[in-house]
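Here is a short briefing to read alongside your model.

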Amino acid sequence: MHNDSTLVVRIKFYHTNLDYLFNHKWTSIQALETYKKRSSDLALLLPATGPEPVLGDIYPDDPFPNLVYKLPDLDEGKGVAFLKVSSAEHARTVLKESLHLNHRRKLLWNCYLIKEQKGLFQSYIRSQLLSGRRLYIIRVHVLITPIGIKFLSAHRVVSERAVPEYLPLGVVQNPLPYIVNYSVGSKYEVVPPEEELAVETAALAIARGLAWAATYGFQTMTV
């Protein structure tokens, strides 16, 4: 029994249309790109994404990839490949070769391909290195409702693995230093005060885009 002042939030994923909008990478990025074009929201920052390779800058001595390939409905660092490539054709070639040679990855990815689903390419965007040559991301929690959105909290997720001094061209053979995810070995830290405003601004822009998509595609109501 809940009274009128109780808010019930379901956080578990179910295979519903609305959950699909928020969880599936292809669907959510397309919704956000559509919102950005229609709203001109300058605070909404999105990585270059598409079915074809979209290359970030590459420097031969830089120990970072410049391209990411993702299977759109897998989480926890699964179904992600990092590439350091010189061209779109190079990306397609080395990715195909890797799927044939890497048997551990091949089973998972071939099962995905059997379903005739395709992954997405994104330009690789890295954070600044922390001490010990470690990367980090920022995880944000935002509440989206039919009557408004609210920034709740944010924290850093810091990798416990050092980025190598050198990275050769091709598919990254050891992606763990670049997968900043608690499920594969990272820790939580407080967001520094000087980053808080930028984090909240960016998070609320994404929330506005997803709220717009939910209202545009679904019948919503306030009570």
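The accessible surface of the protein is about 14200 Å², and carbon and sulfur atoms hold 57% of that area (areas come from the Shrake-Rupley method with a 1.4 Å probe; for residues, only the protein chains shown count as cover). Please bear in mind that this is a predicted model: local features need pLDDT of at least 70, side-chain atom pairs count only at pLDDT 80 or more, and totals for chains, interfaces and linings use all residues. Residues are numbered from 1 along each chain as its sequence is written, and side-chain values use heavy atoms, with hydrogens and water left out.

**Overall build**

- The protein has 5 helices and 8 strands (DSSP runs numbered from the N terminus, with H or I over at least four residues for helices and E over at least two for strands).
- Along the sequence, these elements are arranged as α-α-β-β-β-α-α-β-β-β-β-β-α.
- Of the 223 residues, 37% are buried (buried is under 20% relative accessible area, exposed is over 50%, and partly exposed is in between, with a 1.4 Å probe and protein chains only).
- Among contacts with a separation of 6 or more, 66% are between residues 24 or more positions apart (a contact means heavy atoms within 4.5 Å).

**Nonpolar cores**

- In soluble globular proteins, nonpolar side chains tend to be buried together.
- The largest nonpolar core here has 14 residues, and F64, F82, Y124, L135 and Y178 touch the most other members (a core is a set of buried Ala, Val, Leu, Ile, Met, Phe, Trp, Tyr and Cys residues joined through side-chain atoms within 4.5 Å).
- Another core, of 11 residues, lies apart from it and includes Y69, L71, V85 and V94.
- Beyond its neighbours within four places in sequence, F64 is in contact with K84, Y124, R126, L129, L135, V163, L167 and Y178.

**Salt bridges**

- The structure holds 7 salt bridges (a side-chain nitrogen of Lys or Arg within 4 Å of a carboxyl oxygen of Asp or Glu).
- E195 pairs with R156 in a salt bridge, with the closest N and O atoms 2.7 Å apart.
- This pair links distant parts of the chain, as E195 sits in helix α5 and R156 in strand β6 (residues 148-159), 39 residues apart.
- Both partners are buried: E195 has a relative accessible area of 19%, and R156 is at 9%.
- R92 and E89 also form a salt bridge, at 3.1 Å from N to O.
- R92 and E89 are separated by about one helical turn because they are 3 residues apart in helix α3 (residues 88-101).
- R92 is partly exposed at 36% relative accessibility, and E89 is partly exposed at 48%.
- E52, E89 and R92 are linked in a salt-bridge network.

**Around R134**

- R134 lies in the loop between β4 (120-123) and β5 (136-145).
- Which side chain of opposite charge is nearest to R134? That is E189, 4.5 Å away, and R134 is buried yet has no salt bridge (Lys and Arg count as positive, Asp and Glu as negative; His and the chain ends are not counted).
- The side chain of R134 reaches the backbone oxygen of S131 at 2.7 Å.
- E189 does form a salt bridge with K187, with the closest N and O atoms 3.8 Å apart.

**Helix α5**

- I206 is found in helix α5 (residues 193-217) and is partly exposed at 33% relative accessibility.
- I206 and D41 are 165 residues apart in sequence, with 9.7 Å between their C-alpha atoms.

Terms used
A polar contact is a pair of N or O atoms within 3.5 Å; within protein, one must be able to donate a hydrogen and the other to accept it, and residues adjacent in sequence count only if both atoms are side-chain atoms.
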